Amino acid sequence: MEYIIHLAILVGIYLILAQSFNLTIGLGRMFNLAHVASYALGAYVTALASTELEMGFGRCLISSALVSGLFAILLGGIALRLAGDYFAIGTLAFASIVSALLINWKSVTKGVLGIPGIPRPEIGGVALYDNLQFGYVVGVLVIVSLTVLYFVFSSPFGRVLRGQAEDQLAMMALGRDVRLINTLGFFIASAFAGVAGALFAYYINYIDPSSFSFSEMVFLVTIVVVGSPGSFWGCVVATFFLVLLPEPLRFVDLPSSILGPMRQLLHSIVLLSVVWFNRAKLFPAQREV
Amino acid sequence: MLEVSDLHLKIGDALILNGVSFSAQAGDSIGIIGPNGSGKTTLFNCLSGFVLPFQGSVSLRGENITHTPPYLRAELGVGRVFQSFGIFREMTVLENLVVALESRAGVLRTFFPWSTTSRMIRAQAKEFAAQVKLDGKLSQRAGMLSGGQMRLLEIVRALAFGAEVFLLDEPTAGVSPKMKDEVAALISHVQTLGKTTLIIEHDINFVQSFSKRVLVLDQGRVILDDSPENVRKNDLLREIYFGK
């Protein structure tokens, strides 16, 4: 039972993280490689706020969302001035800066040693040490987050984000400030990544930079690509599928030195297969004036 | 309505617009012709705000919009129909129209899909689709339409958005001869609504049927600005197309 609750919490956190990533990369076709950096910032803000400042659950969650969101505004303000592949490289540079800060700003982040002893949140005076109780809170936050994101996907704002992905010039010719829309999309996606990061920090009780490596970014890309970029329900199904896919390997009698790489190998095979069969559809060329 | 004065624009080292000047009154219909590379589309890009001139100015209703961003020009009434179809192919026909009407209505009024404004917008979008006989294809992906239908959708979308000045860049490019008549009928309809139309076309007969005035561009300059009849008779036109 404890194992199933663990998986449910993990799927929940990834649902928020992947769906928010889907908003930018899937709907807006902005190849943002700094989404995991937003996730990491959310996790570190909650870790520091709950251990150093003894802030409550709600405040930690909001602080994580805001800091990650503000990071996205800074990122968007600079990277959105770059076009095409350069945009992706620009976001990768931001991700590298965050990663370097997490490792080297030891006085705050404690470097590679990470931040241990993150307390489970208290709600109504009850500390959620029990995974089932914490799972309920994650469940509620997943429902709220996915409802908001679904609303964003199907709103006029979502339509503009989808339209500019296809043709920025045509969208500007319809009176839309494309850069503002994209920055707002970045902010929303990043804020939810921050929420996912906060939940992750609370759940694992310990965070270090290795939890937010580039392979985590590749995993998110795999989820969105497998679920079909921009598809809300596709992303939900792909999150369940890909988070749970390597789990049967736990029950195979193999040394951990082989099991670890096999999980990544499985994800890579799935990603390669989907990209191969959908290569023309995934990232069509933008029209020029 | 629209005042273009001494526009100079460079792309790299190449001087693409070399002192273009003209004006258009409200309701005017102006044809723009010229050989390939004469600067026609660049002129439209300059009027739309996608590229900025290093010299000269563009004014709309007396307001200098030379450095106004494209989306604000659109809000002021500059509508654009692109040579290579500016429709959103992955959206449905209805969504293509809704997105234009929502843009006009503003974010706050259309924030909730169940609001009265949002419901009105959907009804209006269906009316605009009916104008171009696309009401039977509302839920079809726009990318599945024929070239002519895409062009009709793009023009009627600019109309739905509320454009006052229509910049039509080769509206019959990629359109079958049969659909060309329907595109022509829609442009005529736009003109009867009192909108200002600037049409880039290679087909001088097509230009003549819509425009009371024709600008001939060559090497980034307006070399003729006259009635279609006079332009046709002018030897300069033959010279720039066929040489001396």
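This is a predicted model: local features need pLDDT of at least 70, side-chain atom pairs count only at pLDDT 80 or more; totals for chains, interfaces and linings use all residues.
Biologist: Why is B:Phe112 called partly exposed?
Modeller: B:Phe112 has a relative accessibility of 39%; buried means under 20% relative accessible area, exposed over 50%, and partly exposed in between (1.4 Å probe, protein chains only). The value 39% falls in between, so B:Phe112 counts as partly exposed.

Biologist: Where is B:Phe112 placed?
Modeller: B:Phe112 is in the loop between helix 3 (93-105) and helix 4 (116-131) of chain B; helices (H or I, at least four residues) and strands (E, at least two) are DSSP runs, numbered from the N terminus.

Biologist: What makes B:Thr68 count as buried?
Modeller: The relative accessible area of B:Thr68 is 14%, which is under the 20% limit, so B:Thr68 is buried. B:Thr68 sits in the loop between strand 5 and helix 2 (70-76) of chain B. Leaving aside neighbours within four places in sequence, B:Thr68 is in contact (heavy atoms within 4.5 Å) with B:Gly49 and B:Arg73.

Biologist: Why is A:Asn182 called buried?
Modeller: A:Asn182 has 3% relative accessibility, also under 20%, and therefore counts as buried. A:Asn182 lies in helix 9 of chain A. Its contacts, apart from neighbours within four places in sequence, are A:Met30, A:Leu80, A:Leu161, A:Gln164 and A:Gln168.

Biologist: Which residues of the largest nonpolar core touch the most other members?
Modeller: Of its 105 residues, they are A:Leu23, A:Tyr39, A:Leu199, A:Ile207 and A:Phe212. Helix 9 (residues 178-204) of chain A gives the most to this core, with 16 residues. A nonpolar core is a set of buried Ala, Val, Leu, Ile, Met, Phe, Trp, Tyr and Cys residues joined through side-chain atoms within 4.5 Å. A second, separate core of 39 residues includes B:Leu94 and B:Phe128.

Biologist: What makes strand 2 and strand 5 of chain B edge strands?
Modeller: Strand 2 (14-24) and strand 5 (63-64) each pair on one side only; two strands pair if DSSP finds at least two bridges between them. Their open sheet has 4 strands in the order 2-1-4-5, with antiparallel pairing.

Definitions and conventions:
Residues are numbered from 1 along each chain as its sequence is written. Chains are lettered from A and ligands numbered from 1 in the order in which they are written. Side-chain values use heavy atoms; hydrogens and water are left out.
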